[in-house]
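Please look over the model shown below.

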Amino acid sequence: MKLKEFWKRYFEHPYGVAGFVIFAVLLFMAIFAPLISMGKPNEMSGDILSPPSLKYPFGTDHLGRSVYSRIVYGTRVSLSVGFVAAGLSALIGIFIGAFSGYFGGMVDEVMSKIIDSFLMIPVFFLILIIVAIFGSNLFYIMLVIGLTTWPRNARIMRAQTLSLKERAFVKVAKSLGEGDLRILMTHIIPNGMYPVVANSALQMGGAILAEAALSFLGLGDPNITSWGKMINEARTYMAFAWWTIVFPGIFIILAVVAFSFIADGLQYALYPKLKEVEESG
Amino acid sequence: MIFLVMSLNFFIIHAAPGDPVTIMTGLENPSKEIIETLKKKYGLDKPLVVQYIKYFSNLLKGNLGYSYVYDQPTWHLIRERIFPTLVLTLTGSVVAFILGIYLAIWVSHLRQRFGETIVSTVNYILYATPSFWLALILILIFSSKLKILPTSGMYDLRASYHGFRKFLDLLRHLILPAGTLALIQLPIFYRVTRTSIIQSEKEEYVTTLTAIGVSKEKLFKKYVLKNAILPTVTIFGITLGFSITGAVLVEIVFAWPGMGRLMFDAIFRRDYQLLLGIYFLMAVLISIAMIITDILIAILDPRIRIT
Amino acid sequence: MDEVLVIENLTVVYTKNGKRIKAVDRVDLKVNQGDMIGIVGESGSGKSTLAHAVMGLLPSNGFIAEGKIRLLGYEITRLNDDEMRKIRWKEFSMVFQKSMNALSPVHKIGEQMKEAVIVHEPEIGETEVESRMKKVLDMVNLPHRVLKSYPHELSGGMMQRVMIALALINNPKFVIFDEATTALDVVTQGQILDEIKNLVERLSLTGMVITHDIGVVAEICNKIAVMYAGRIVEEGPKEKILYDPLHPYTKALISSHPELAEGGGRMRGIPGNLPDLSKEIKGCVFAERCPHAEKICFDDRPGFVKISGRKVACFKIKEVEE
């Protein structure tokens, strides 16, 4: 896959472009948070529950904290959760899927059953239970999400492996005496991982939603500012202070939509054949 | 497969720190005697393996275990919650299913591409919306500001309606929570149906039927639609299982007396038995949903009938 | 002499990715009563497009840029979709290639065949339709239970027969067979060809047979037109074309066919590819692949030369004949 060609195609897709732009903005917000947040997220002031104004672009919450600052800093949390959780999920999924598909046999059978079982159960509940029981440290949460969502990636990777396994260049490598591990690492995984990458974009969105839900339920990390937590805190006051609840939600939506768009753009860029319809003469 | 899931659950829950006895007694340091007695009473003193086996044999007998916290058999606790959850989930899913299909059909008949882009974008947004947030926003708009719908609960507890009035009251309370669920699920059904329609319209039988004279309208309504709906029904079955569990968040926001709330409380009180019971039931319900879907598909698609 | 179908100077264009592709390039063709003309050509030669244009079944990105089509008195080129829908399948029809989804997989076959009848005769009674369907199934040797079956329950050969039956249901005078045997295995192909030949005789059908397999036209046609890259390169009676081909392309086609190739069957493929149909081709459309090509072949488009009962589009014909 040529990189330049890939990017060119990616930017042909309007949704992909939009997603990328939104993501870039969010990334910017996360990285340069201290510069643009106009104050600290935990700094309480006397202006309790005041509506959006010049001083407080998104208003203040019940402790006088600037909603805008909290959202800016919250971007860091959301993006890290997305990356770590989805990254972990992809990593585990790719390796397990590739191994399982490549070596086949009993290992593959057992693995497939496990993967299928996982895909049938509502994963969120599992996450819920585990986090509730074991603790709600942010890192934990990211870990748990990653550890419960890898099966989908594994299944994708496995399917890719199964088809790549039969391709000529793999067979050639084998006959040249290349070791299995080497074949996996240099041929199969680099060629087959792209659909997993596209799926990972979606999983980032999912991780953000999961973390938000956990925080909303009170199971999130108590020490950090997360958008979901903000919604939870805003619940009591939302009737008089709509800004405390509307803005965090909007940003969650923005982030997840961005990742959905990116996933679509990736899909389009990776599989040009899907778009073309041949007319025969 | 349920077996696997339940086993997984069992071990996770039992691996957790904090044991029920301590919580039950509510004391910081219960005396040794009290612990011993309680443990014996609930069989917690036997080794884990024995507990495991005993649990499954109980399950098979239909005994879902006993909740230590509530001091009642779990089944009693769960059963009165099943109906509300089912009502909510089914309503939400069915509405989403119907709306999704109608939306897809409507878009298919539009002349310009612009309408489709708008609908598509709205769908992306809905898909990305956290259910609990949407629930809160709807409450904000319809209950707080406009004051036309109730904020929570399933029935008006103060009045005691009967018969038809009770039914109407239920509906009134159902609108927002079911609406939330429906909006959250709408994108999936729309996407699948729309893609399916596009696919079906490219199929060869469209050319054949057009050639022999079938009108565009009839062709779409009778032939394309029936073909296109199949994937949607499949998805309906799959998501039905998940929406039962996804309804949890919505139930909590609306204080809907369903299984979701129960589960949430059980987690916090470390009521393992109750948790396992709920989870088991959910797994069963999901399996039933899948079986029903399979049957439905077999009815609609002649290619899948078992010969 | 009854002219059933007259095609005059027909040009059909597709738009794809902003490019205009000339699939049919100024084609003239006449089909008389009783003729069964075979249109032969490789993939992309425009033969299928030609057939679809005659039937008014061009896809949404295709249109008739130039020319006229007159079929059984109808000015096909002047009719819109709705008008076409009303007359199509009454006096003329098409046998589509059997495929997985040639008919809706979730509806019974009888249900779909019925449509062909009730659209054109709305007043017709249930029993009449039923008997017509049965009659037409008999013609293709299919059991009546087919009406109650679903497409996936039939074999390839049966499905193709259903398509033939469907085409005959309203007693058409003119039938186009579009690659009607292509997707079948050799044995079934032979059977179906025989049956088609029978039907054509029995029902005195006039029509066109579209195929890439010149062996097929040898069986059931009396005239052959050879198409290449949207143009007709040679046309004439079957025997002349098959046994004394003049155009270099026709010759190559025949010698690449396992059975028709002469003397010990020395098969030769035709090297090269179809030209890019989105570009205007000045000269002879076959020039690039032609072993005898000269400068003039690239500069001017050859007109038709009438030789011994047929038309050939080639500059070099007088020479080659020697």
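In this predicted model, A:Phe169, A:Val170, A:Ala173 and A:Lys174 of H8(A) are in contact with A:Asp180, A:Ile183, A:His187 and A:Asn191 of H9(A), where contact means heavy atoms within 4.5 Å. By class, four of these residues are nonpolar, two polar and two charged; Ala, Val, Leu, Ile, Met, Phe, Trp, Tyr, Cys and Pro count as nonpolar, Asp, Glu, Lys and Arg as charged, and the others, Gly among them, as polar. H8 covers residues 168-175 of chain A and H9 residues 180-192 of chain A, and the two pack at an angle of about 165° with their axes 10 Å apart. Axes are lines fitted to C-alpha atoms, for helices over the stretch in contact, and angles run from 0 to 180 degrees between N-to-C directions. H8(A) and H9(A) are therefore roughly antiparallel to each other; angles under 35 degrees count as roughly parallel, over 145 as roughly antiparallel, 65 to 115 as roughly perpendicular and the rest as oblique.

Residues are numbered from 1 along each chain as its sequence is written, and chains are lettered from A and ligands numbered from 1 in the order in which they are written. Local features need pLDDT of at least 70, side-chain atom pairs count only at pLDDT 80 or more, totals for chains, interfaces and linings use all residues, and side-chain values use heavy atoms, with hydrogens and water left out.

Chain A as a whole has twelve helices and zero strands. Helices (H or I, at least four residues) and strands (E, at least two) are DSSP runs, numbered from the N terminus. The C-alpha trace of chain A spans about 75 × 50 × 35 Å along its principal axes.

Another packing in chain A joins H4 (residues 67-103) and H11 (residues 227-234), at an angle of about 140° and with axes 8 Å apart. H4(A) and H11(A) are therefore oblique to each other. H4(A) contributes A:Val67, A:Arg70, A:Ile71, A:Gly74, A:Thr75 and A:Ser78, and H11(A) contributes A:Trp227, A:Met230 and A:Glu233. The contact of H4(A) with H11(A) has four nonpolar, three polar and two charged residues.

In chain B, the axes of H10 (residues 216-254) and H11 (residues 259-268) come within 7 Å and cross at roughly 90°. That makes H10(B) roughly perpendicular to H11(B). The residues in contact are B:Val248, B:Glu251 and B:Ile252 of H10(B) with B:Met259, B:Gly260, B:Arg261 and B:Phe264 of H11(B).

Between them, chain A and chain B bury about 3,800 Å², 81% of it on carbon and sulfur atoms; buried area is the accessible area (1.4 Å probe) that two parts lose on being put together, summed over both. Chain A gives 38 residues to the contact and chain B gives 44.

How many salt bridges are there between chain A and chain B? The count is one, a salt bridge being a side-chain nitrogen of Lys or Arg within 4 Å of a carboxyl oxygen of Asp or Glu. B:Arg191 and A:Asp264 meet in a salt bridge through their side chains (3.2 Å, N to O). Over all chains the structure holds 26 salt bridges. Among them is that of B:Lys221 with B:Glu217 (3.2 Å, N to O). Because B:Lys221 and B:Glu217 are four residues apart in helix H10 of chain B, about one helical turn separates them.
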